[in-house]
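Hi there,

Here is the structure I promised to pass on to you. Have a look at it first, and then read my notes below.

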Amino acid sequence: MKFFLLVTILTSAAAFTSPTQTTRTSVSLNAEASRADFLKQASSAAAGLAFFASATPANAAKYGSIGKGSPLVLDPKTAEIDKEILETAAVQKSFSNLKQYAAAAKSIKTVLQKNSQANVGPEVRKYFDFSRLRGDLNTVNTIFDEDTQKGTDRLIRNILQDITELEATSNIKEGIPRSEIRLNKMIGKCDKLARAFDDYLAFAPK
């Protein structure tokens, strides 16, 4: 009787726990499969990133201080240009304006080299009107394809930032002469701005 009761209890217990164990086993297997899939995907992604990183130095532009090590700035020789848009009057006018901006940056540098105390702040604001400059840059940018614009957009941001920095350092406080250190800093910013314009114009057809 005791033996029969023990067998009955064990059988009932096995019947009760079996679905749970099966479920746990199924969940465990699913979890392992999901983890394996995840690791496989992660491994593939890592391999892709490694390849991309190794290819970046060869593809990134190295013009001045812009684009170095950046996967977004392409070689100007690979730029895709819409010739119909390029030939429009608006684009041609903006191109001409950009060349004048680049010349202005070099002109301000020359003024500073001749007169270390020259107040070039008004000249910076005169030649580099932000709304007009941004409009010209955006107009010219329409000639490029989407991939090229990923790089030229970065160059545009660099130009606007360089102008902001140049204007900030150009102010002179009354009665306080501009130091040689500040002068050299301003000349350096003029050079940086001129290179930024040259980098951008390098994408334009000659």
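This is a predicted model: local features need pLDDT of at least 70, side-chain atom pairs count only at pLDDT 80 or more; totals for chains, interfaces and linings use all residues.

**What I found**

Is Lys 99 buried or exposed? Its relative accessibility is 55%, and exposed means over 50%, so Lys 99 counts as exposed. If you follow the chain 102 residues along from Lys 99, you reach Leu 201, yet the C-alpha atoms of these two residues are separated by 8.0 Å.

Now for the interior. In soluble globular proteins, nonpolar side chains tend to be buried together. The largest nonpolar core here has 38 residues, and those touching the most other members are Leu 98, Phe 128, Leu 133, Ile 159, Phe 197 and Tyr 200. Two or more residues come from each of helix 3 (89-114), helix 5 (130-141), helix 6 (146-170) and helix 7 (180-201). Which helix gives the most? That is helix 7, with 10 residues.

Last, a helix pair. Helix 3 and helix 5 pack with their axes 9 Å apart, at an angle of about 125°, and are therefore oblique to each other. The crossing is left-handed. Among the residues making the contact are Leu 98 and Tyr 101 of helix 3, and Leu 133 and Leu 137 of helix 5. By type, the contact residues comprise 8 nonpolar, 3 polar and 2 charged.

Enjoy exploring!

Definitions and conventions. Residues are numbered from 1 along each chain as its sequence is written. Side-chain values use heavy atoms; hydrogens and water are left out. A nonpolar core is a set of buried Ala, Val, Leu, Ile, Met, Phe, Trp, Tyr and Cys residues joined through side-chain atoms within 4.5 Å. Buried means under 20% relative accessible area, exposed over 50%, partly exposed in between (1.4 Å probe, protein chains only). Helices (H or I, at least four residues) and strands (E, at least two) are DSSP runs, numbered from the N terminus. Axes are lines fitted to C-alpha atoms, for helices over the stretch in contact, and angles run from 0 to 180 degrees between N-to-C directions. Angles under 35 degrees count as roughly parallel, over 145 as roughly antiparallel, 65 to 115 as roughly perpendicular and the rest as oblique. A crossing is left-handed if the near helix is turned anticlockwise from the far one by less than a right angle, and right-handed if clockwise. Contact means heavy atoms within 4.5 Å. Ala, Val, Leu, Ile, Met, Phe, Trp, Tyr, Cys and Pro count as nonpolar, Asp, Glu, Lys and Arg as charged, and the others, Gly among them, as polar.
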